[in-house]
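Dear colleague,

I am passing on the structure we spoke about, and below it you will find what came out of looking through it. Please read the notes with the coordinates open beside them.

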Amino acid sequence: MKTITEGKAKIQTHTARIVSKEMPVFYNPKMEFNRDTSILVLNAIDKKNLQIGLPLAGSGVRAARFLLELKKEKIKSIKINDHSPDAVKLIKKNIEINEEGLICEDIEVSQLDANNFLLDSVGFDYIEIDPFGTPNPFLDSAVKRISRGGIIAATSTDTAPLCGTYPKTCKRKYFAAPIRNEHMHEAGLRILIRKAQLIGAQFDKALIPIFSYSKDHYFRTYFRCEKGKTRVDNIISEHKYFLYCTKCLNYNISSYNKQECCKKLMDFAGPIFTGKINDSSLIKKMKADDKFIQTILEESKINLPFFYDIHKIAKKYKIGIPKTDELISRLKKAGFKASKTHFNIYAVKTDASIEKIIKIMKK
Ligand SMILES: C[S@@+](CC[C@H](N)C(=O)[O-])C[C@H]1O[C@@H](n2cnc3c(N)ncnc32)[C@H](O)[C@@H]1O
Ligand SMILES: [Zn+2]
């Protein structure tokens, strides 16, 4: 065990040469950014007096950071849970170490199965699903216990099926076909979002993504949950397919998964959620100077699914590679929407067609 500092919290953690779920209590320093974003999101939303539920709390690092770093009056109560007895001991210890300066006194720690913890509760305004692998086993209970307008934050490290390494597994677990090319991360994230939305839809709850990204080995989405049949219908109407031509690198979104381009059937992924995955007004309020979040903000303003990989286009069409910023400014000058994307540093999101992009790249 050693004591580390993350954000404003001092935390006792187990150490391991390789971070894995075999650790007595799981703590992954690489997920600090993930935890940072939850603090940024919660501080940026207008709501106060939140009832927070952490069903899979691990070392309690996120809970301690919430209690130290969220704005005063943000938290009404916080319930911290893990099924591991070692984790529960450590959570209690870590809350105790940080006792000074906690913004809320209504703190409960429990050792239950995450689904029982959620279902036995009166409900939460914020539920954090931070599992090993897929959030699937916990989505149903989270959807049932999230309040109107509440937020479900879900992490998935189950990227191999979602990114097309195991397409059959993806179909089985996420009811959709993945794709294995430069679009696999965005497609995987959008498959995951749709899967969660289908669980919400069963209960007439619309899961609206407000902040979503793909980073390192994981996907992350914050959903605002709204009740109502029409809202759910609107979400479902944005469940479509992503089609991609391996010959000319053209892509589009369609309600059908069969389409021809260059005289051959296009590859496809889906169904996926093709709507907005980031709320630019929320991200602005997060006031993060982090470059990665700034890129998400930039792409959220133009709100276009998928992108063009400049390196791939340059190689295919034997054109010199322009700087990403340079190409974006040329596209904008030509009257198109264009931005960088956090999914790929050598790519642009734009409403220009592949032909137009090639023309502009050749200039
Ligand atoms: C990825 S770790 C959580 C990390 C933590 N949220 C953080 O930010 O450091 C997943 C945790 O879920 C716990 N867990 C796994 N399955 C569970 C279940 N069915 N019910 C309750 N806890 C569970 C594990 O013991 C582990 O501590
Ligand atoms: Zn084509």
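In this predicted model, 7 strands make up an open sheet of mixed pairing, and their order across the sheet is E5-E4-E3-E6-E7-E9-E8. The edges are taken by strand E5 (107–110) and strand E8 (205–215), each of which has a single partner strand, so that one side of each is left without a neighbour in the sheet. On average, and with direction ignored, neighbouring strands of this sheet are turned by 15° against each other.

Within the sheet, strand E3 (residues 50–54) and strand E6 (residues 124–129) run parallel and are joined by 2 bridges; Gly53 has Ile127 as its bridge partner in E6. Helix H5 (residues 136–145) lies across E6, strand E7 (146–156) and E8, and its direction is at about 170° to that of E6.

Turning to the packing, the largest nonpolar core holds 99 residues, of which Ala63, Ala142, Ile152, Phe223, Phe242 and Val348 touch the most other members. Helix H8 (residues 184–201) supplies the largest share of this core, with 8 residues. Because domain 1 (2–239) and domain 2 (276–362) both give residues to this core, it lies between them. As for the surroundings of Ala63, this residue touches Leu54, Ala57, Ile78, Ile80, Ile91 and Ile95, when residues up to four places away in sequence are not counted.

With best regards

Methods
Residues numbered from 1 in each chain as written. Chains lettered and ligands numbered in written order. Predicted model: local features only at pLDDT ≥ 70, side-chain atom pairs only at ≥ 80, totals over all residues. Core = buried A, V, L, I, M, F, W, Y, C linked by C-beta atoms within 7 Å. Buried ≥ 20, exposed ≤ 12 C-beta atoms within 10 Å, placed from the backbone. Helix = DSSP H or I, 4+ residues; strand = E, 2+ residues; numbered from the N terminus. Domains from an automatic or database assignment. Contact = placed C-beta atoms within 7 Å. Pairing = 2+ DSSP bridges. Axes fitted to C-alpha atoms, helices over the stretch in contact; angles between N-to-C directions.
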